Amino acid sequence: MSASLDEDFELNNQDYYSLLNVRKEATIEELKASYRRLCMLYHPDKHRDQQLKTQAQQLFNQVHHAYEVLSDPHSRAIYDIFGKKGLEVEGWEVVERKRTPAEIREEYERLQREREERRLQQRTNPKGTISVGVDATDLFDRYDEDFEEMPGGGFPHIEINKMHISQSIEAPLTNTHTAVLCGSLSTHNGNGGGNINMTVRRVTSAKGWGEVEFGAGDILGPLIGLKMFRNLTPRCFLTAQCGMQFSPRGLRPSCSLMMARHLDQNTMGYLQWRWGPNSAMTTSLVRDTKTSHFTLALQLGVPHSYLMMSYQYKFQDEDQTKVKGSLKTGWFGTVVEYGAERKISRHSVLSATVSIGVPQGVTLKIKLSRASQTYLFPVHLTDQLLPSAVFYATAGPLLVYMVFHRLIIIPYTQAQKEQELELQRKSSATDIAKKKQEAESAVLLMQESVRRIIEAEESKMGLIILNAWYGKFVTDTSQKQEKAKVIDVTVPLQCLVKDSKLILTEASKAGLPGFYDPCVGEEKSLKLLYQFRGAMHQVISADSEPLRIPKQSHRIDSES
């Protein structure tokens, strides 16, 4: 629910901490000190000119509202979690005020669910999978003497030997009942079939749910199943499932039972018993952290018993890159898999896995996930363990991805970002003009205070802001044609000087009094040239980086 709030434009969610120039962990005393100082600056009674008086009143109201929100623990907790939009949700007046941020988040989500309940009942959640199996064994296992006898035999024969398509939709019937309809079609070497399933799920309580499944198909016949889930303790849950398949060979009952337990914050243990056509007992251990995912599983059963171990490393980058490897050995043989996964756009994830097995051979698996749709392309290269097949299965996808990423993905994402940025600028043009006007008004109101501050600082050779610019600076020679987008913030920063010190907190500087955002959606920085004890100093600070001056490291010699 809270993700929708993040999509709102930032100007509509003014940073109250930045406006008061306090850190997010500021105490009530720090809030009061900043509030008093800004009140003295913007109080309407201090200005005789009617126009200045009106401008001061508007700025005074903003500061007062920001202080009211941050000085109230209840409102501040809501603002810290959801921002300004969170304060506008109806229903907060009935929430108990002595609540933790976690409880407030839970209450917010409940209020959002109630507001969207009617729409959710009409909304479906489509999920689909398309799998296309490719037989490319002629690339590596070809028999040259056979090809010589065939016309055009010099070219390997590559064919699609199997396909699978499945789709499901779900629809909430009531607050506790959900219906799911799914179907699938499969074909392998010219033979195929399909089935359709209808499931009705009922949430019995906060601890459990149950569902009934009805299915029919042209291969296995009708199916009736029952599944139940129950939280036994806060750290342990149980899933039970039973079914009856009416196949042409007779009645085929099945049953399974799984128990899972949280061993620690990141580790789960599973124990599963399955009875039926593929009876087995399976135990597994799964550890999932921010940087890795590890699985260890052991199965004893008919017809297959195996031991499996897999590991996945998660890089902490923007593209959410992951590398993975696994080893699986049992009565069927041994299979080693390795691969990588990467996010290629906002809603798309691409992965490639190489599977090397005895006696399975070498297979390359390509997977593309976009939103709730999944596309699988398993390409079987050879039935033997050939080093050439392993090499091409590994190097081929890497080379194709690098070319695809360079020529298609990067230009597409850049064009998409520029388009979104342009739309953002157009939609926020009115807000920017308003913020600019407020900043200019604030600078006018600061003039008298700044004059007194400069006089006081000059008398003791203190801190004097000579020049200050905020926005996007163009320093790269390759971007000479691009214009710098900066505003003069010398007066606003001088107004914040107290006792020969200037302290800016860790927040966007666009929210400071006298500031506004001159380049929406782009990276900004603050460039300062100041004088302290008769010496020149210079510093460049990132937009959200905390800043404290003066500092010895900022000093520049007279020649430079």
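## Sorting residues

Let's start with the classes: Ala, Val, Leu, Ile, Met, Phe, Trp, Tyr, Cys and Pro count as nonpolar, Asp, Glu, Lys and Arg as charged, and the others, Gly among them, as polar.

What you're looking at is a predicted model, where local features need pLDDT of at least 70 and side-chain atom pairs count only at pLDDT 80 or more, while totals for chains, interfaces and linings use all residues. Numbering runs from 1 along each chain as its sequence is written, and side-chain values use heavy atoms, with hydrogens and water left out.

## The chain overall

The protein chain has eleven helices and 23 strands (DSSP runs numbered from the N terminus: H or I of at least four residues for helices, E of at least two for strands). Of its 560 residues, 35% are buried, meaning under 20% relative accessible area with a 1.4 Å probe, protein chains only.

## Two cavities

Searching the whole structure turns up two cavities of 30 Å³ or more. A cavity here is a set of points, on a 1 Å grid over the protein atoms alone, where a 1.4 Å probe fits but cannot get out; lining residues have an atom within 4 Å of a point. Volume is the space filled by probe spheres set on the points, which are joined across faces, edges and corners.

The largest cavity holds about 40 Å³. Its lining includes S18, N21 and K509, and splits into three nonpolar, four polar and one charged residue.

The second largest cavity has about 30 Å³, with E211, G225 and C242 among its lining residues. Strand 5 (208–217), strand 6 (223–233) and strand 7 (236–247) each give at least two residues to that lining. By class, the lining of the second largest cavity has three nonpolar, two polar and three charged residues.

Terms used. Buried < 20%, exposed > 50% of the residue type's maximum accessible area, 1.4 Å probe, protein only. 1 Å grid on protein atoms, 1.4 Å probe; cavity = no way out; pocket = protein on both sides within 12 Å on 5 of 7 lines; lining within 4 Å.
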